[in-house]
Amino acid sequence: MKVPDIKVTPPGPKAREIVERDRTFVATTTKSAPIVVKKAHGSVVEDVDGNLLVDFSSGISVVNVGHTHPKVVEAISKQAADFTHFAGTDFYYDVQARLAERLGKIVPGKGPKKVFFGNSGAEANEAAIKVAKAHTKRQMFLAFLGAFHGRTMGVLSLTASKAKQRQGFFPMMPGAVHVPYAYCYRCPYQLTYPSCDLYCANIIEDVYMKTVAPPEDVAGIFVEPVQGEGGYVVPPPGWMDRIAKIAKDNDILLIDDEVQSGLGRTGKMWAIEHSKAVPDILTIAKSLGSGIPIGAAVFPAELDFREKGRHSNTFGGNPVACAASIATLDAIEEEGLVARSAKLGEHLAKRLDEMQARYEFIGDRRGLGLMQATEFVTDKATKKADPKIRDRIEEDAYKHGLILLPCGESSIRYIPALNIPRDVLDAGLDVLEQCFRRAAA
Ligand SMILES: Cc1ncc(COP(=O)(O)O)c(C=O)c1O
């Protein structure tokens, strides 16, 4: 099979018709390209006009094991034939308990753990807020500029990656205080690592806790070990450990949002494992169910709610989603996809670095494992963000058979499935390089 294979430049006639109907009847969200899928297997997407595209988006880091992984499809079909719902918050079934037990074992931290199941990343983080408030009896949270923790009204107060996500939606949950993230390419303090001695972490205790965020009132620090929506920002060595220490020293819970970075994406099972930090609560969603909606907040058993009815929902721990999640974890383990992400990530980073050296408009390349990004600038010296060229490249890419997603102000993220065949990865990168060449011309 030749990939990509473009027969009619996307969006073709069938795609245009569906896009038009969608625009008329579906509420406005974040749609970034008129790609209309008919089928998707592994890392190849077939659109409704018969084009084959290489997928570097994985449905926003959801199909880490590739589209329609046979094991996942089999688990979904088998579970759906038995029962599709039995209100796992009010009654019992084995597959939910088994998934919780498994997650408790693979999430960092010693001792028995408990899992609250929801249906999305936002819901996993909402649960983390409630667990933290209920346990600590404190009301405030620290989060980071550039963070993305979801869009429901609780977690929206923690999200701070784009003003338009918040504009017009005040008031939100009070008590969220944002601190600049460790974005070394654009250090908000104009310092340089390592001579900065992690000033951006130290300032939490030295300034924030002495002024706007008294530690006695802070329940948790929400952190993405690699910022996702904010631009695939990787903090420097030691930063995550410093944040964890500040949390521990002040009896504040460290809440690790692994919704995008989890399940092997960064070349470790959890992105926080690139440091020595151990989170108190870890949240998961996206790739856990390989596309069947599921979210989970995992925490030590002693943080569990003390009585029934404090938090619950209808669909959390849905049996089909749990079966898909167990099959996903099996595939990740049996196929060694965490190690593969690390190894293939090196190859991806190397090719992106070569391109960065060739093109003036690629200011930065950063990432871990198969969670990589390039940031586009007008020129390397001024580092002025250039979202226009980013958008042009993204459009040119899908027209030539490569599916990309933006992030940050002017970056593109490269998040293929962890089991993408190397030749398919290279075919996608060849398309990307041609796009860069055309953009430069
Ligand atoms: C790090 C992170 N947390 C939370 C969320 C919210 O997840 P969802 O869109 O499933 O609500 C996202 C979504 O992109 C995310 O990247």
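A polar backbone atom of F148 sits 3.2 Å from a nitrogen atom of the ligand, a polar contact in the sense of a pair of N or O atoms within 3.5 Å. This is a predicted model, so to speak plainly about cut-offs: local features need pLDDT of at least 70, side-chain atom pairs count only at pLDDT 80 or more, and totals for chains, interfaces and linings use all residues. Residues are numbered from 1 along each chain as its sequence is written, and side-chain values use heavy atoms, with hydrogens and water left out.

For G121, a backbone N or O atom lies 2.8 Å from an oxygen atom of the ligand. Q260 uses its side chain: an N or O atom there is 2.8 Å from an oxygen atom of the ligand. On its own the ligand has 390 Å² of accessible area, and the protein covers 82% of that (Shrake-Rupley method, 1.4 Å probe).

## The shell around it

Who surrounds the ligand? The shell is S120, G121, A122, N125, F148, H149, G150, E224, D257, V259, Q260 and K286, each with a heavy atom within 4 Å of the ligand. Helix 5 (residues 121-136) gives the largest share, 3 residues; helices here are DSSP runs of H or I, at least four residues, numbered from the N terminus.

By type, the shell splits into 3 nonpolar, 6 polar and 3 charged residues, with Gly counted as polar and Cys as nonpolar.

## A cavityThe structure also holds 1 cavity of 30 Å³ or more, meaning a set of points on a 1 Å grid over the protein atoms alone where a 1.4 Å probe fits but cannot get out. The volume of the largest cavity is about 90 Å³, taken as the space filled by probe spheres set on the points, which are joined across faces, edges and corners.

Its lining has 14 residues, with A182, C184, C187, C196 and C200 nearest the centre; lining residues have an atom within 4 Å of a point. The lining of the largest cavity is 14 nonpolar, no polar and no charged.

Note on methods: A polar contact is a pair of N or O atoms within 3.5 Å; within protein, one must be able to donate a hydrogen and the other to accept it, and residues adjacent in sequence count only if both atoms are side-chain atoms. Helices (H or I, at least four residues) and strands (E, at least two) are DSSP runs, numbered from the N terminus. On a 1 Å grid over the protein atoms alone, a cavity is a set of points where a 1.4 Å probe fits but cannot get out, and a pocket is an open set with protein on both sides within 12 Å along at least five of seven lines; lining residues have an atom within 4 Å of a point.
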